[in-house]
Amino acid sequence: MSILIDNISKHFGSFQALSPLSLDINEGEMIGLLGPSGSGKTTLLRIIAGLEGADSGRIQFGDRDVTNLHVRDRRVGFVFQNYALFRHMTVADNVAFGLEVLPKSKRPNAAAIRKRVMHLLDMVQLGHLAQRFPSQLSGGQKQRIALARALATQPEVLLLDEPFGALDAKVRKELRRWLRGLHDELGFTSVFVTHDQEEALELSDRVVVMSNGHIEQIDQPGDLYASPNSRFVFDFLGNANVFDAQFSQGKWQNNVASLQLPDEAPKTAGQIYLRSHEFHVSSVATEQAFLPLKVVAINLIGAEVRLELTPIDWHSDHIWEVDLPHKAFDKHCFEKGQTVFVTPKAGYFFANGQATPQPVYW
Amino acid sequence: MSNRPGQSHQLRVGDRPLIKYSLIGITLLLTILLLVVPLISIFQQALVEGVGHYFASLLEGDTLHAIGLTLFVALLTVPINLVFGVMLAWSVTRFEFPGRKLLMTLMDIPFAVSPVVAGLLYLLLYGNNGWIGSWLYDQDIQLMFAWPGIVMVTVFVTCPFVARELIPLMQQQGREDEEAAVILGASGWQLFRRVTLPNIKWALIYGVILTNARAVGEFGAVSVVSGNIRGETNTLPLHVQLQYEDYQAAAAFASASLLALIALITLLFKAYIEWHQEKLMRNESDQEKQVAK
Amino acid sequence: MATHLSVAQARPKHKRVLPGLGLSLGTSLLFISLIMLLPMTGLIMQSVDMGWDEYWYVITNERVVASYKVTLWAAFFASIFNGLFGLLLAWVLVRYEFPGRRVLDALVDLPFALPTAVAGITLATLYSQNGWYGDLLASLGIKVAYTPVGIILAMAFTSIPFVVRTVQPVLEELSPEEEEAGMTLGASDWAVFRRVIFPALWPALMTGIALSFTRSLGEFGAVIFIAGNMPYVSEITSLMIFVSLQEFDFPAASAIASVVLMASLVLLFAINVWQARYLRRLHGR
């Protein structure tokens with residue numbers, strides 16, 4: 001079922017949680033709402049579910065206007081951040097709840113409910129835990145039960161609030177893959193909230209990046225990474241090193257440091273955002289760039305080596321991070337305290353006063 | 001019906017105005033009938049024969065003596081139970097040991113036992129026929145039908161109150177603060193005075209106030225062991241009974257109004273503590289928000 | 001072997017970071033032994049002295065048995081009333097904001113703070129024939145003072161706080177998410193209350209009712225003024241003990257007291273065990 005969100009806004013007291021925003025979600029799509037805490041992503045999810053009312057705007061499921069429909073009549077599946085399993089009910093009773101509260105005319109008989117519950121529990125591979133209480137389950141198991149409970153009434157929309165937030169890294173990865181499989185198999189429309197960019201990029205068909213109650217960008221994961229359309233998105237996805245540049249003598253300069261302008265780059269001041277893996281590092285400067293930095297830390301991160309660098313005689317608000325393959329690192333044998341020169345391969349230039357960037361390649 | 005979008009969604013269970021206001025209404029009505037009117041009627045009855053009569057009956061010799069004895073008993077009882085309550089709360093919330101649960105159940109015995117039975121227990125043990133009492137009798141020491149007996153049963157009846165206020169709070173606060181203080185080298189007494197005490201101060205004070213209210217008002221147990229000797233072993237609640245049964249209703253209610261006043265002060269104090277703590281918490285969360293910004 | 005031993009010995013000292021176990025536990029145990037357990041020996045000795053036949057005769061005496069019935073039934077109805085009223089009070093105090101909420105919250109503790117004798121003479125006066133309520137009820141043909149209904153009333157008054165104060169914290173800590181989960185699954189308000197909220201409150205409610213019942217069984221001061229104390233009709237068991245004492249019949253008083261004491265101790269332990277079991281299931285400990 002498709003979801004149409006039209007000019008929805010919301011404030012709590014004097015705090016504007018959502019500025020009017022609109023979003024179209026296609027049938028069968030999986031959408032990730034990504035943003036830092038306080039960005040309004042959870043509020044948006046709760047408004048879609050009907051747990052929160054919007055101040056203005058309209059929500060439609062398919063052709064059905066649900067704006068003023070009570071949560072219990074919207075027929076969405078909702079998975080809560082801390083699962084919200086009913087503590088005093090067994091796992092089976094939890095999953096059966098949605099069926100048992102159906103009006104008499106629609107309610108399946110007891111045997112049919114039992115059968116459906118067992119089917120759902122088998123689907124989440126936890127049939128053997130039917131008679132346990134929630135307190136006897138692990139986090140990952142609780143998560144699956146919460147999902148089975150949400151799916152019991154066969155909703156066409158599934159909403160998940162930080163679904164993997166409370167789990168450890170390994171379980172999280174497994175469950176992520178499993179959820180995506182389930183989504184593709186059953187064909188419902190899913191919206192989930194997360195602050196983990198990796199999760200959003202891996203799981204979603206499209207990612208909605210939010211900040212301060214606005215939607216910053218809506219794109220497929222690949223496009224989002226390749227062409228972020230604002231400083232915020234750039235910052236939020238991946239580590240960015242920022243070179244704050246004045247334009248003078250045909251170069252971008254910051255005290256002693258300087259960068260050649262690539263062809264077609266605007267000849268003005270601004271910030272150049274550089275991703276940590278798009279650098280050459282060497283112990284001598286190049287013609288293209290004079291960026292002297294001191295190595296303050298060397299961290300091994302899986303397949304890569306991350307250098308933490310501080311500027312020498314020029315200024316940056318943050319420590320720079322540069323990732324190198326082991327091979328390149330081994331060739332140079334950089335040491336802590338050493339001076340190195342980095343040369344960017346590609347970056348994004350935000351001219352002063354401009355909200356959108358222009359890609360630059362050397 | 002307002003048609004503002006979304007308004008219908010924000011309601012929790014039972015928040016629909018019709019349900020909400022009828023529940024509040026029924027509750028207030030019942031509370032007024034069952035609690036407020038009786039409370040008011042105490043003072044009304046006390047003043048029914050005029051203010052002059054009210055003060056005259058309070059200033060009568062036996063009444064003054066009963067007031068004095070009652071205060072004296074409370075003055076002895078409260079410190080004893082304060083020490084016991086703190087010790088008990090410290091041991092069951094700061095350590096794990098076998099029998100801990102049993103100890104907490106034993107602590108509740110005075111709540112469960114009828115005050116008359118409590119009085120009887122002491123009478124049987126320390127009375128002239130009891131195995132301790134008969135020995136004491138030979139030493140010419142009389143505990144029952146005298147003030148020491150009254151103090152003893154009052155201690156029994158009121159001993160759980162301080163611990164009861166402290167235990168949930170101390171359990172919730174955990175041991176980390178104190179463990180940190182130990183790591184920083186604090187001695188036992190420094191630890192208690194500078195780390196524990198500030199955290200439990202309000203609960204402790206309320207425990208003391210409640211203990212005091214119950215000590216002043218204990219009736220059943222005291223009436224068993226006091227012997228009701230007018231002007232000697234009559235506490236204020238017993239005096240209320242005597243006057244009431246002597247058909248001096250106004251005088252009885254005058255004495256009762258003093259006890260009701262203590263009860264009211266106790267309630268006021270509790271309300272103040274809760275208000276004070278809510279304010280503290282609100283300030284803290286406001287400050288956190290400020291910092292976050 | 002030797003190292004093994006020394007580790008085992010060093011352990012208990014090492015485990016306790018905080019000071020004062022010996023002092024605090026020692027004081028507590030001494031106090032409980034002296035104040036609570038030692039006095040029970042007197043009762044046990046007195047009862048043992050009596051011999052079984054006499055003991056049985058006293059505790060099954062017709063008038064005494066009638067007092068058990070009166071006490072049990074009155075305590076039963078009082079605690080049922082308090083279960084309902086207490087649940088209502090707790091709900092209103094936790095869920096709603098309204099002017100006077102704080103005053104209401106404070107008033108709930110009035111029966112704890114007000115001496116029972118004061119409660120007793122006040123209720124007796126209010127419900128007697130020329131009292132405010134008694135007058136009104138008499139015109140409806142209802143008599144409260146000096147009947148078992150009066151006993152129920154007095155017991156209910158003195159034990160109002162128990163249910164409120166046990167249910168209130170549980171209600172406060174109920175997560176809104178569980179309710180919201182119920183709603184997203186299509187449940188009506190009533191279904192959410194009956195199937196999600198009420199089961200969560202049930203153990204606390206039962207505990208509160210049981211505490212209220214236990215307290216009512218032992219209530220004395222508030223009851224005797226309003227009960228009228230008519231043999232076989234409105235005499236409570238505590239009064240039977242008191243009457244025996246005034247007749248200097250110590251054996252009879254002890255026998256009846258031992259029955260009451262046993263009943264309250266059994267109740268107390270049962271409440272504690274039941275509560276612990278329920279908590280274990282909920283928190284998986």
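**Reading contacts between chains**

Modeller: Across the interface of chain B and chain C, the rule finds four salt bridges. A salt bridge is a side-chain nitrogen of Lys or Arg within 4 Å of a carboxyl oxygen of Asp or Glu. Please note that this is a predicted model, in which local features need pLDDT of at least 70 and side-chain atom pairs count only at pLDDT 80 or more, whereas totals for chains, interfaces and linings use all residues. Residues are numbered from 1 along each chain as its sequence is written, chains are lettered from A and ligands numbered from 1 in the order in which they are written, and side-chain values use heavy atoms, with hydrogens and water left out.

Biologist: Which side chain meets that of B:Arg12 in a salt bridge?

Modeller: The general idea is that side chains of opposite charge can pair when their charged atoms come close. Here the partner of B:Arg12 is C:Glu179, at 3.0 Å from N to O. The rule also finds 13 residue pairs in polar contact across the interface of chain B and chain C, both residues being at pLDDT 80 or more. A polar contact is a pair of N or O atoms within 3.5 Å; within protein, one must be able to donate a hydrogen and the other to accept it, and residues adjacent in sequence count only if both atoms are side-chain atoms.

Biologist: How many residues does each chain bring to the contact?

Modeller: Contact means heavy atoms within 4.5 Å. Chain B brings 97 residues and chain C brings 90. Chain B and chain C bury about 8,300 Å² between them, 77% of it on carbon and sulfur atoms. Buried area is the accessible area (1.4 Å probe) that two parts lose on being put together, summed over both. On the side of chain B, the residues that lose the most area to chain C are B:Arg12, B:Val13 and B:Leu35, together 9% of what that side buries.

Biologist: How does one describe two packed helices?

Modeller: One gives the angle between their axes and the distance between the axes. Helices (H or I, at least four residues) are DSSP runs, numbered from the N terminus. Axes are lines fitted to C-alpha atoms, for helices over the stretch in contact, and angles run from 0 to 180 degrees between N-to-C directions. Helix 13 (residues 236-245) of chain B packs against helix 7 (residues 116-127) of chain C at about 25°, with the axes 9 Å apart. These two helices are therefore roughly parallel to each other, a label for angles under 35 degrees. Helix 13 of chain B makes the contact through B:Pro237, B:Val240 and B:Tyr244, and helix 7 of chain C through C:Ala117, C:Ile121, C:Ala124 and C:Thr125.

Biologist: How many residues of chain C are in contact with chain A?

Modeller: There are 23, and they meet 22 residues of chain A. The area buried between chain C and chain A is about 2,200 Å², with 61% from carbon and sulfur atoms. C:Thr184, C:Leu185 and C:Arg195 supply 32% of the area that chain C buries against chain A, more than any other three residues. Four salt bridges are counted between chain C and chain A. In one salt bridge, the closest N and O atoms of A:Arg72 and C:Asp189 are 2.7 Å apart. Six residue pairs are in polar contact between chain C and chain A, both at pLDDT 80 or more.

Biologist: What is the count of salt bridges over all chains?

Modeller: The count comes to 31.

Conventions. Angles under 35 degrees count as roughly parallel, over 145 as roughly antiparallel, 65 to 115 as roughly perpendicular and the rest as oblique.
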